[in-house]
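Here's a quick briefing on how the chains meet and what goes on inside one of them. Have a look at the model first.

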Protein chains: 4
Amino acid sequence: MSVMALPRSGPVRSEAARLAILEAAAALFAEGGYDHLTIEGVARRAGVGKQTIYRWWSSKGDIIAEAILEGHLLDTRRHLPDTGDARADLAAWLSDLFTLRASPDGEGLLRSFVAAAAGSAETGRRLRAAILAAPLMERLSQALGGATGPRLEAAAEALLGAVILRALSREDFDADDMGTLVDVIAGVPPRA
Amino acid sequence: MSVMALPRSGPVRSEAARLAILEAAAALFAEGGYDHLTIEGVARRAGVGKQTIYRWWSSKGDIIAEAILEGHLLDTRRHLPDTGDARADLAAWLSDLFTLRASPDGEGLLRSFVAAAAGSAETGRRLRAAILAAPLMERLSQALGGATGPRLEAAAEALLGAVILRALSREDFDADDMGTLVDVIAGVPPRA
Amino acid sequence: MSVMALPRSGPVRSEAARLAILEAAAALFAEGGYDHLTIEGVARRAGVGKQTIYRWWSSKGDIIAEAILEGHLLDTRRHLPDTGDARADLAAWLSDLFTLRASPDGEGLLRSFVAAAAGSAETGRRLRAAILAAPLMERLSQALGGATGPRLEAAAEALLGAVILRALSREDFDADDMGTLVDVIAGVPPRA
Amino acid sequence: MSVMALPRSGPVRSEAARLAILEAAAALFAEGGYDHLTIEGVARRAGVGKQTIYRWWSSKGDIIAEAILEGHLLDTRRHLPDTGDARADLAAWLSDLFTLRASPDGEGLLRSFVAAAAGSAETGRRLRAAILAAPLMERLSQALGGATGPRLEAAAEALLGAVILRALSREDFDADDMGTLVDVIAGVPPRA
DNA sequence: AATTAAACGAGACGGTACGTCTCGTCTTATT
DNA sequence: AATAAGACGAGACGTACCGTCTCGTTTAATT
C-alpha cells in the first residue's frame, strides 16, 4: 500500500525564497555567530517576509540545520590531507577545524556551531554527521590499526569531542597538542 | 608591601543580595535551562534591582560561571564510585553525568551547560575545571596505567568531550557504550 | 451607439460564492463587529478563496454595504409600531434601534454600523437610506404636522443623528429620553 | 478616609515622553486620520519605545481621548461667532465644524473623529464634551428661547448628530441646509 | 468533441503592525 | 554609596491580515 500525497492546488513553495533564506542565514551566522542571528535579520537580509520563514522552519536552529545539510555553512569536503601518516593528517585536520573562523576577526566558528547544536537537536545531529564524514572515519580507522564499529565510533567522538571541549574552554591548542590527542586515542605509546 | 583598600564610606556590597542572585540564577537555570534564563527573571526571583546585577556581573554567563564555582549549580564532589575497577567506575560516573537532568521532565542539564559555556568563556573554563576535578583525574590516571601530564589531560578531554558530543547530538548512550569509550581511550584491546 | 460586451467564453460569476460571502460577512459582523471583521475570516467562513472576494469587492466596507442593501444585516422592514401616537411610535422605534445588539452579550450594533460607515462612503449612504426609509419618514411627517422636503429631511437626520451620537458616547438612553428628543424635534412645547 | 498611594521608589513617569507621544499622535491623526494611525508610527515619530506607550495607554483610542482632553487635537475654544442672530451663528459654526479638514487634501476630520469614537468609549465621551461645550450650549439655549435641561441637551445632540450623520454619508452640506437644520430644531416655522 | 478562457478553492508570497518580552541604561527614594 | 524599584529607548519575538500572485481544477461558450 502506498502513501498518496493529498492532491492540492495552489502555489508551490518558492525555491528562490528558500535559498535566499538559507544563504542569508549562513552569511549572518558567519558574520556574527549563532547568538546574534535573528529571524528578523534573516528575513531582512533575504528580502523575505518573516512569515515565509515561520511557515517552513520553526526556529533559527532549524534553519541552521538545513543550511549545514546543504553545505551553505560548512564545506563538508574540506581537505583532509594525505601524507601517508594518518595520525599527522588527522592532527592537521583537527587543528584546522579548531581554528576555523568565519571572518579574520570573527569568533571561533566551532564555538558558534556548538551553541547552535545546544539549541537545536537537529543541528546537533547534522553537524555531527557533517564533520564525522567518511574520509575522516577512514583515516581514523587506519590510525587505529583498522578498528571498525563501536570502537571506531567511540574514537571519533572522543577526538571531535576533545576539540569541541577545548574550543568551549577557549584554550589554545597547537599542532603538538593535537598530535598528543590523536596518539592517546590511537593508543600509541608515549614518544621518547 | 601591602595593598591597602582605599578608605571609603557608605554601605559595602550586600552579601545577601549576592547570594540571592546566585541562588535565583541556579534555580532558574535548573528549571528552564540556560536559554530561558534572563537577567530580569533573576532580579525578580532574587528580589533585587536589575542594577545590582549589572553592577557586579556583566552577563548571565558570568553569573552562571560564579554559581558553578561556588557549587550552587553542580555538586563538584559528586560521588565517583570506587569498586576497584577504575574503568567501570569512570563509565558509571560519565553515564551519570550524561543523564543528569534538572527536573524529572527537564532538558538535559549537560546540554544546558554546554549552551552556557558556548556563550561565556569564563563559564567554559569553570565548567571544565569543575568536572575534570582531582578525583576523576586520579581514577583516569589509574585506568591509563599511570599516565600524567599532557597525555592524561588529553585523555580526560577526550572522555568528557565525547560525552558532550553525544549530549549535543541527543544520542542515547548506555553503560556499555560508555565502557567502550573508556576502553578505547585507555587503550584496552577489544574484549573477546 | 451601443456598448457591446466583449464576447468571452468561460464560467460566469458564481452566485453561490457571492451569497456565501455576504452571509459569512454578515454573520462575522454580527458576532464581532466591524473592527474584527477580516477578509481572511470571511473567506475562511465562506469556504472561498480570497481572490474571489477581491475580484468583486474592493474592501470590507464594500461587502458590508452590499450586505446591508440586500438585507443580510439589517431588517429594513423592522416593525414600526402604529398606535396612532406618531411621537410615541417614533420614540419606541428609535429606542429599539439604539439598543439593538447582535448577540445577547454583543456590542451595540449601531456603534459597529457607525464604524463601518466611517470607513466606507458607500456603507454610510446605504445605511442612512436603509434606516431613513419610507415608513419612518411618513410617521415623522405626521409627527411634524405634515412637513415635507428639506425640513422633513433635516428632522429625520436630527433624530437619527442624536441616536447615533448617544450610541457613540455610550450614554444610556431610555424611552423617556427618546420621547423628549422626538418632542424637541417635532416642536412640541414642554409638557406640564 | 483617604486612599494612600503605596510608597514606591524609582523613577517617575516622564512628562517629556508623555507629551511627545500625544503630539506625535495628534500630528499623525491630522495627517492620515484615525485608521492610519498606528502605535508603531506614534512611537517612531515620538522617538519613544513602544513599551512606553503600552505602559500608560491601552489602545490608540485611549491616546486620542487624552489628546482631545488636553487640546492637542481640537481647539475647544474655536470661535463661535456672535452676530446677535443666534441661529445664524450656530449654522455658521456647524458648517465650519463639518468642513473641518486636517490638511488641505485630507479626509474630513469629523469623520475621523467619529471612527475614533466608534472604537473607544472614552474618546466618544471626550469628543462629545469637547464639542458640546458651554459657549455652544448657551447660544443654542438662546436660539431655543431659553430652553434648559433635558430639552436643551436633546436639541444639542440632535444638532451635532445631524452634522455627524451627514459627514458619515458624505453628503455636501451648505450654509442654507445648516440654517434649515437649526430652524427645525429651534422650532422656527417655515420661512415664507 | 476539442478548445479556450475565466472563475474558482487554496494558499504562498513580501509586507506592516500587533502586543509582549527582555535588553542594558538611567533615575528616584530609601537605607 | 549601595540598594529595590522600575521607567526609558531599543528592538526581537511569534501571530494576524493585508493585497497580490500563482497553482490546478472546473465550467461555459466558441470552434
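Counting over all chains, you get 55 salt bridges, a salt bridge being a side-chain nitrogen of Lys or Arg within 4 Å of a carboxyl oxygen of Asp or Glu. Keep in mind that this is a predicted model, where local features need pLDDT of at least 70, side-chain atom pairs count only at pLDDT 80 or more, and totals for chains, interfaces and linings use all residues. Residues are numbered from 1 along each chain as its sequence is written, chains are lettered from A and ligands numbered from 1 in the order in which they are written, and side-chain values use heavy atoms, with hydrogens and water left out.

**A salt bridge inside chain A**
- A:Arg139 pairs with A:Asp89 in a salt bridge, with the closest N and O atoms 2.9 Å apart.
- That pair ties together distant parts of the chain: A:Arg139 sits in helix H8 (residues 134-143) and A:Asp89 in helix H5 (residues 86-98), 50 residues apart. Helices here are DSSP runs (H or I, at least four residues), numbered from the N terminus.

**Where chain A meets chain B**
- Each side brings 37 residues to the contact (heavy atoms within 4.5 Å).
- About 3,000 Å² is buried between chain A and chain B, and carbon and sulfur atoms give 64% of that; buried area is the accessible area (1.4 Å probe) that two parts lose on being put together, summed over both.
- In chain A, the residues losing the most area to chain B are A:Arg151, A:Leu165 and A:Val184, together 21% of what that side buries.
- Four salt bridges run between chain A and chain B.
- A:Glu157 forms a salt bridge with B:Arg166, where the closest N and O atoms are 2.2 Å apart.
- On the chain A side, H6 (109-119), H7 (121-131), H9 (149-168) and H10 (175-186) each supply at least two residues.
- H9(A) provides the largest share of that side, 14 residues.

**Two crossing helices in chain A**
- The axes of H1 (residues 15-32) and H4 (residues 60-69) come within 9 Å and cross at roughly 95°; axes are lines fitted to C-alpha atoms, for helices over the stretch in contact, with angles from 0 to 180 degrees between N-to-C directions.
- H1(A) and H4(A) are therefore roughly perpendicular to each other (65 to 115 degrees).
- A:Arg18, A:Ile21, A:Leu22, A:Ala25 and A:Phe29 of H1(A) meet A:Ile63, A:Ile64, A:Glu66 and A:Ala67 of H4(A).

- Chain B and chain D don't touch either, with 10 Å between their nearest C-alpha atoms.

How values were computed
Parallel < 35°, antiparallel > 145°, perpendicular 65-115°, else oblique.
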